[in-house]
Amino acid sequence: MRRIIAILMENEPGALSRVVGLFSQRGYNIETLNVAPTDDPTLSRLTLTTIGDDLRIEQITKQLNKLVDVVKLVDLTEGAHIERDLMLIKVRAQGALRDEVKRTTDIFRGQIVDVGPSVYTIQLAGTSDKLDSFVAAMADVDILEVVRSGVAGISRGEKVLSL
Amino acid sequence: MELLSGGEMIARALEDEGVEYIFGYPGGAVLHIYDALFKDCKVPHILVRHEQAATHAADGYARATGKPGVVLVTSGPGATNAITGIATAYMDSIPMVVISGQVASHLIGEDAFQETDMAGISRPIVKHSFMVRRAQDLPITIKKAFYIAASGRPGPVVIDIPKDVTRPDEKFEYQYPQSVKMRSYSPAQRGHTGQIKKAAKMLLAAKRPVIYAGGGVVQGEGSELLTRLARELNYPVTNTLMGLGGFPASDRQFLGMLGMHGFYEANMAMHHSDCILAVGARFDDRVTNTVAKFCPGAKVIHIDVDPASISKTVMADIPIVGPVRSVLTEMLSQIAALREKDADLPDRAALERWWRQIDEWRAAHGLWHGRRYADSDMIMPQQVIESLYRVTKGDAYVTSDVGQHQMFAAQYYRFDQPRRWINSGGLGTMGFGLPAAIGVKLAFPDREVACVTGEGSIQMNIQELSTCTQYSTPVKIINLRNNYLGMVKQWQDMQYGGRYAMSTYEDSLPDFIKLAEAYGHVGMQVTQLADLDAAMEEAFALRDRLVFLDVFVDRKEHVYPMHIAPNGSMKDMWLSKNERT
Ligand SMILES: Cc1ncc(C[n+]2csc(CCOP(=O)(O)OP(=O)(O)O)c2C)c(N)n1
């Protein structure tokens, strides 16, 4: 099953490599990885998605918790949560397709953030599924470049991951 | 407040931390530190002959004393040479602090002379690591390193220090912190009371219980409590290779070691058990054989300070996360309370039947219940360990290398106390034995220290004979000489049709007697069983001399029992070359 694990960790050099290293060292998958400092500059927030059965996920969270730099973590998929992946996608947009691309972008509530004579760059945020559907909907369009931030996630309601 | 340079801070911090020995080797990146040690440091430094040996010696010291071993090496090759020893300590959860020099800050990343990314290289084999960027951070970093290394599930911690951070001409205020608190690190202090209560109930309801105790009992100083628990309940105990000595081997309730080369009665009892109390053990693949077939009828209670060790390979029915001492203390009182309410717990009749069954297993194939090795006109390797046991009255510190000799030592030396059996169980590092013995001997100069080894292993760190000369560490090296990489040969006999690919040395073995003498030690050779005890006595009678006892043993002997793999269970064992369960 796909899981979203959110980690609060010390904003120290080497901390990220310890997390990433753990995954390759123990043969766990990382599907996506997103990391940035928080409002507290001494802390980084890392969100990663991984796939595994309950046993595997339990080991992953235990091993992550064991890392000295990891302050706290939560498996967001255990409860109600919001996940957002941000995509920037550059497509060839010429002739009749120009309108077509614009329409599809609107349907998905994306924005065209850069316009060239023959290309559009579209920004789209949402769940990973939504982004996948958008890419699928662009099947007839010449996709030039895709960049995704990886999932960032947060719990719904009162629940917070903080110190 | 006092002003010290970075180098001086390190020297002083090691004093303030109460360090007894530094094991190390100098080089460019650590010369400021060495100069500071030379000028003013009460902590003696042991100069090894190879950085790997520094880590093993510090490791041996740590295993014997329970205190972190301390290592100091230079950057680049010094640091990489230390890696095997760090990994060895990591796999067996041994507290260690390794200070490695690094090239000067402005050179980092430029492929400078003797630059290597020590934090990166060591990352998967350390509990944690630090790179110190400013001299002012040294005291707190060193304090944290010792705290992390020794607390919770212990392990090695690396502190990588660029050369400029230790320069003598820049001084800063020094104060060594009394304690540290880290928001991101707080090892469990006690187990969950509800879980412990549930476990006590399950344990008392057992009809065929086994206590399976590992290295965590030794490292966590839980031996006495575990022994009390076992004796109060009259439950059988087996130890892992790492746990030997955690329960007295000469106790009637001891089943011997379990696992791949474990005792028949221990493996049989595990397989047929209905309740396993695992304490500070991690269900390693060398213990379980095929996990899917592991102990089919058993409920598992698992106590460990590291939650990640629990339900990693074998699911625990009752997991208990906590330090062994506090958990066992609480468990003992829970058990007492339950038995006060119901005096018939545990089921005595069932237990009696269980012990009868165990005694039958023992009588049939127990290594300590009848002679289990063949006759030979050569000395049998088992007899050497028996002789060592007799001569040292079971009271020596025994280090070992890796191979058949290690297994024979584990099987035939009956360890009655924790921290006496010092071996690389997790990583299986040949070359561990001699340097580890140096560390042990320095920690306990008045005790007998024996290194049981083989010709293959001893040659992996033989240069340390020179260290022994320099620091007068009169350990006894007991070489079980079978002229093969014996354990490799055993596998080749059993699985590769006796094709000895690279497991023989032809005629290239050195004359170990002369070699020992070349370093100023005593060398002795034994080829006849009749001479064995006398030679062993003589070796230990030479109290102040290192003796290299080269014992020619039967060349064909295998280690048995041996788990049948792949696809075997705990109870599937070879008992001799042609006898299996
Ligand atoms: C550093 C290292 N290299 C290789 C091995 C694989 N290995 C395990 S046992 C063994 C043979 C050991 O031979 P020896 O030290 O002579 O002991 P014996 O088995 O003959 O008692 C080898 C090569 C190892 N454990 N460690």
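I kept in mind that the model is predicted. For one position in this pairing, I noted that Asp85(A) has Gly126(A) of strand 7 as its bridge partner.

I then looked up what else pairs with strand 5, which covers residues 81-92 of chain A. Strand 8 (residues 143-148) of chain A is joined to strand 5 by 5 bridges, again in the antiparallel sense, and in strand 8 the residue opposite Ile89(A) is Val146(A). Strand 9 (residues 152-155) of chain A also pairs antiparallel with strand 5, over 4 bridges, and there Arg84(A) has Ala152(A) as its bridge partner.

Next I turned to the contact between the chains, to which chain A gives 22 residues and chain B gives 19 residues. I noted that the two chains bury about 1,600 Å² between them, with 49% of that area on carbon and sulfur atoms.

How many salt bridges are there between chain A and chain B? I found 2 salt bridges, and one that I looked up joins the side chains of Lys66(A) and Asp306(B), at 2.7 Å from N to O. I also recorded 10 residue pairs in polar contact between the chains, both residues at pLDDT 80 or more.

On the side of chain A that touches chain B, the elements giving two or more residues are helix 1 (15-25), helix 2 (54-66) and strand 4 (70-75). Helix 2 of chain A gives the most, with 6 residues. I sorted the residues of this side into 8 nonpolar, 6 polar and 8 charged.

Terms used: Residues are numbered from 1 along each chain as its sequence is written. Chains are lettered from A and ligands numbered from 1 in the order in which they are written. This is a predicted model: local features need pLDDT of at least 70, side-chain atom pairs count only at pLDDT 80 or more; totals for chains, interfaces and linings use all residues. Side-chain values use heavy atoms; hydrogens and water are left out. Two strands pair if DSSP finds at least two bridges between them. Contact means heavy atoms within 4.5 Å. Buried area is the accessible area (1.4 Å probe) that two parts lose on being put together, summed over both. A salt bridge is a side-chain nitrogen of Lys or Arg within 4 Å of a carboxyl oxygen of Asp or Glu. A polar contact is a pair of N or O atoms within 3.5 Å; within protein, one must be able to donate a hydrogen and the other to accept it, and residues adjacent in sequence count only if both atoms are side-chain atoms. Ala, Val, Leu, Ile, Met, Phe, Trp, Tyr, Cys and Pro count as nonpolar, Asp, Glu, Lys and Arg as charged, and the others, Gly among them, as polar.
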